[in-house]
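User: I am new to this structure and would like a guided look at it. Could you take me through some of its features?

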Amino acid sequence: MLRPIVTLLLSLAVFCAKGQSYTITGSVMDTLNSNGLPSASVVLIHEADSMMETFTRTNNDGVFTLHPKTPGKYILMITFPGFADYVDVANVKDGTPVDMGAIPMVTKAHLLKEFVFTQQYAAIKVKGDTVEYVADSFKVKDNATVDALLKKLPGLQVNKDGEIIAQGEKVQKVLVDGEEFFSDDPAMVTKSLQAKVVDKVQVFDKKSDQAEFTGIDDGEKTKTINLQLKEDQKKGYFGRVTGAGGAGDERAYYENQAMVNAFKGNRKISAFGIMSNTGKMGLGWDDRDKFGGGSGGNTEVDDEGNVMMYYSGNDDDMTSWNGDYNGKGIPMAYTGGTHYSNKWAEDKHHFSGNYRFAQQEIDIDNSTTTQYILPGDKYNTTSQKSDQLNIGRRHRADFQYDIKTDSLSSVKITTVVGYNEIDNSSAYNSETKNNEGESLNESLRTQTTDGFTKTLNSTLDWKKKFMKKGRSFSLNITENYRQQQNDGFLKTVNKFFDTLGELTSIDTIDQRKQNANENLALSSRAVYTEPLSKVLFAEVNYSFKLDNSKADRITTDKNKGTADYIDVNQFLSSNYEFEVLTNTGGASLKFVNKKINANIGSSVAASNFKQNDLNKDTTYVYNFVNLFPRANFTYKFNKQAQASLNYNGSTRQPTLEQLQPLADNNDPLNISIGNPNLTQEFKHNVSARYNNYKPLTGRYIGGSVNLMLTDNAISRTDSVNDRGVRTYQYVNVDGNYSAWQNLWFGSSIKKYHLYWHVYVNNSINHNISYVNNQRNESDNNRYSVGTELQYETKDEKFSASIGPSVAYNDFRSTINTANASYWSMEHEFNIKYEFPLKFEVASDINWFIREKTEVFTSNNNVFKWNAYVSKKFLKNDQLELRASVFDILNQNIGFNRTANNNYITEDRYNTVRRYGLISLIWNFTKSPLTAPAETVK
């Protein structure tokens with residue numbers, strides 16, 4: 001009896017040993033000639049005892065495969081006659097194949113000739129679609145932040161606003177150890193974390209969450225940077241504190257900020273605070289709906305056929321504030337936040353949470369000139385001055401909990417809570433004249449609004465993989481709740497004149513505006529994927545959404561007898577209930593191999609839209625059946641070069657303000673009325689893209705082209721009377737299209753320490769509208785080209801860059817021959833020099849030139865010059881004293897010019913002008929640092 005059992009156990013052991021295989025692959029490349037090295041010797045050595053595990057030689061293409069018997073850390077050594085030896089560490093675990101990617105080999109002669117050059121080559125690794133930089137191989141100054149490190153990496157750029165361009169594409173995400181940090185704000189991470197804590201910088205195209213889960217590439221990519229921190233830096237704390245004060249323009253200025261990070265293994269705790277009136281807002285609150293903002297009503301169907309609908313008050317109620325400062329007005333901001341994340345139980349449980357607060361006050365003194373185009377050679381010009389005080393406060397907290405229930409299943413729970421308040425007041429003074437200089441009207445208007453918005457959004461994601469690769473099932477359940485209320489007053493006095501300039505009438509408005517809106521949406525989505533072969537996959541999906549909303553808008557006139565706002569204006573008041581029910585089904589086929597990624601499919605959505613007018617006891621019912629075709633094709637020439645072609649169709653539903661038969665008189669000279677007969681539009685979007693990048697030299701080249709055709713487009717019909725009052729309504733038209741094209745190229749000349757890039761961007765927009773019942777075809781096109789050249793000495797003591805750009809803005813209209821086209825130019829110049837005794841001087845210039853036009857004849861050129869001088873103290877330059885002057889020549893002016901279908905607007909506004917600051921910057925750290933690597937002389 002014992003012998004069969006022993007035999008069975010031995011057989012099982014042999015079977016398990018055969019079943020558990022470990023693989024290490026890679027390709028050995030000659031960096032000079034970009035060829036694979038055949039017959040190179042590849043040896044795998046145990047890191048613990050330096051005993052050889054196995055060895056092999058590369059094939060004719062330089063590719064090798066190793067099969068170690070056991071998991072663990074190994075030393076990989078590659079040798080080839082005439083080339084420097086290559087050594088790296090391979091960590092084999094969990095049976096997952098280890099891909100070492102393209103391994104660069106450098107000739108010994110080249111190594112001796114230019115050590116620094118080859119050192120950076122060895123510091124760059126290509127692993128699949130990821131380019132990895134070893135941070136310590138790129139020298140930066142002590143206490144430099146991550147954005148200074150990124151500027152050193154071939155193929156990466158960081159502009160003055162902290163925006164990162166990698167391989168010609170804008171970086172959308174910056175992760176820390178693979179996790180989002182402070183709600184995924186790239187500038188927050190790169191300007192706050194110190195470069196010395198970073199071990200590796202990984203640049204890659206992040207796949208969608210669905211593609212990462214299923215393992216089936218769906219073609220959706222997000223350019224991402226992951227900062228992998230050093231292990232010894234995860235056992236302490238580090239941070240940065242800045243205190244700055246100064247004066248200018250008869251007012252005091254300050255810019256204070258602090259951030260501290262405490263890491264211990266997987267646990268991360270961070271906090272920051274910013275107090276500034278120089279325009280530094282800190283973190284970008286650019287997703288307004290995340291934080292309870294939102295602007296305007298919106299009813300829209302997404303690409304999956306789900307109706308996305310919410311309602312808010314008029315655009316002037318300032319609930320649309322998104323927390324950013326765009327240079328308009330004099331700002332004052334207070335922001336702060338905390339972050340906590342941790343993993344435990346072998347990373348099966350992961351929790352992260354963020355809380356952020358912001359308060360912003362902006363005082364705006366604005367002067368606006370608007371040219372309204374009319375049929376023939378006529379046009380009206382409105383000159384308006386306004387004073388605005390906008391105050392907003394934001395709170396946002398988000399929590400995420402991930403559970404890996406087993407090796408094939410996971411559950412993720414996400415909750416986001418938001419609360420914001422606004423308190424705004426505005427005063428407007430305007431005059432409208434015709435092109436003969438005759439006054440048509442004058443208007444005085446004051447408006448106040450205060451209110452709040454509450455949001456609660458939660459999601460539950462359950463994902464399940466099966467033993468068969470490519471087979472998966474996922475279920476998403478989402479709840480979105482939004483409540484908004486605002487209260488305000490509108491007072492206007494409008495005077496109207498005849499052609500002789502005589503006063504003909506005076507209209508006055510004194511009203512109270514109250515809006516209350518509430519929305520609750522529940523939705524679910526299920527997706528199943530099935531492999532049909534090793535390269536062909538099928539996906540089917542179904543989603544359901546129920547959206548219930550209430551919108552109560554009350555306008556009351558001031559009672560002459562009681563002086564109270566008690567007379568309800570029925571023409572300007574409404575009370576609606578909305579119900580939207582959507583069922584969507586879709587299917588697609590996906591083909592994926594090493595070279596080709598193709599996807600074709602479609603979704604069909606049946607939406608029932610019901611709108612109850614409680615005031616008039618009427619019901620509007622809209623039923624939509626939408627088809628959403630989509631297809632994409634991507635071809636990879638190699639790991640760093642690919643081309644793609646995409647098509648997708650989508651619809652856009654009319655907003656509630658566009659539909660409901662209710663006039664909006666918040667601007668009595670521009671009155672909007674609804675159109676209940678308005679229907680949805682359908683957009684065809686075709687795009688093509690090519691990108692080619694060489695990580696070892698930093699050279700990249702690429703381009704993209706997009707074309708969008710719109711059937712049944714939602715446009716406007718405007719009616720302008722002889723008093724200059726404009727009444728407009730939204731209508732459906734055919735013939736709208738838009739297109740845009742981008743080309744980019746960048747490279748470096750290592751021998752002369754030069755880096756340069758050039759771009760060409762063009763866009764065209766063709767729109768149909770109606771003015772006084774006459775069809776108007778307008779073209780609003782822009783053509784721009786720019787370049788940048790950067791230079792830095794080998795010792796990094798001197799650096800300079802120059803970046804000129806020029807653009808032509810072409811606006812034409814068929815109903816009028818007035819010329820509104822103009823040239824604009826922007827030139828940037830930066831210079832920095834480090835003197836002995838740790839003194840540093842730097843200066844930058846931004847020169848804006850804008851051509852005058854027939855209507856906009858005032859000077860709007862800006863020559864903005866900034867400079868600073870600094871001195872560093874303490875060990876490792878931890879303390880810096882800096883004196884700065886901004887806008888030295890006091891020429892900064894607020895300016896913006898935009899063109900629309902039937903009008904062109906130029907804004908001139910107050911902004912932050914010349915001021916000086918004295919700053920003290922302290923970088924601190926407490927963690928066990930590793931010994932510095934030896935340098936080769």
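**Rings, strands and surface**

Analyst: Let us begin with one side chain. Tyr 728 has a relative accessibility of 16%, under the 20% limit, so Tyr 728 counts as buried. Please note that this is a predicted model.

User: Which ring does Tyr 728 pair with, and how are the two planes set?

Analyst: The partner is Tyr 730. The ring centres lie 6.1 Å apart and the planes meet at 85°, which is over 60 degrees, so the pair is edge-to-face.

User: How many aromatic pairs are there?

Analyst: The count comes to 19 aromatic pairs. One of them joins Tyr 791 and Phe 798, with centres 6.3 Å apart. Their planes are at 55°, so this pair is tilted.

User: What about charges over rings? Which ring does Arg 897 lie over?

Analyst: Arg 897 lies over the face of Tyr 822, at 4.1 Å from the ring centre. Lys 871 is placed over the face of Phe 839, at 5.5 Å from the centre of that ring.

User: Phe 839 brings me to strands. Which strand pairs with β46?

Analyst: Strand β46, residues 839–850, pairs with β47, residues 862–873, in the antiparallel sense over 10 bridges. Within this pairing, Glu 840 stands opposite Ser 870 of β47.

User: And what joins β47 to β48?

Analyst: There are 7 bridges between β47 and β48 (residues 879–886), and the two run antiparallel. Lys 872 has Glu 880 in β48 as its bridge partner. The hairpin of these strands has 5 residues between them, and Leu 874 takes a positive phi near 65° there.

User: Let us move to β33. What are its partners?

Analyst: β33 covers residues 596–613 and is joined to β32, residues 574–592, by 17 bridges in an antiparallel arrangement. β33 also pairs with β34, residues 618–638, over 18 bridges, again antiparallel.

User: Which residue of β34 is the bridge partner of Ser 607?

Analyst: In β34 the partner of Ser 607 is Phe 624. Ser 607 is also the bridge partner of Thr 582.

User: How many residues lie in the hairpins there?

Analyst: The hairpin from β32 to β33 passes through 3 residues. Between β33 and β34 there are 4, and Asp 617 in that turn has a positive phi of about 55°.

User: What is the order of the open sheet of 3 strands?

Analyst: The order is β11-β12-β13, with antiparallel pairing. β11 (156–158) and β13 (169–170) are the edge strands, each pairing on one side only. β11 and β12 (residues 164–166) share 3 bridges, and Gln 157 stands opposite Ile 165 in β12.

User: Last topic, the surface. Which residues make the nonpolar patch of about 640 Å²?

Analyst: The patch is made by Phe 633, Leu 645, Val 686, Leu 707, Leu 709, Tyr 737, Ile 764 and Tyr 783. One of them, Leu 707, is located in strand β38, residues 699–711. Leu 707 is partly exposed, with a relative accessible area of 36%.

Conventions. Residues are numbered from 1 along each chain as its sequence is written. This is a predicted model: local features need pLDDT of at least 70, side-chain atom pairs count only at pLDDT 80 or more; totals for chains, interfaces and linings use all residues. Side-chain values use heavy atoms; hydrogens and water are left out. Two strands pair if DSSP finds at least two bridges between them. Rings of Phe, Tyr and Trp (its six-membered ring) pair if their centres lie within 6.5 Å; planes under 30 degrees apart count as stacked, over 60 as edge-to-face and the rest as tilted. Buried means under 20% relative accessible area, exposed over 50%, partly exposed in between (1.4 Å probe, protein chains only). A charge sits over a ring if NZ of Lys or CZ of Arg is within 6 Å of the ring centre and within 35 degrees of the ring normal. Patches are made of residues with over 30% relative accessible area and no salt bridge: like charges are joined within 9 Å, nonpolar side chains (Val, Leu, Ile, Met, Phe, Trp, Tyr) within 5 Å. Accessible areas come from the Shrake-Rupley method with a 1.4 Å probe; for residues, only the protein chains shown count as cover. A salt bridge is a side-chain nitrogen of Lys or Arg within 4 Å of a carboxyl oxygen of Asp or Glu.
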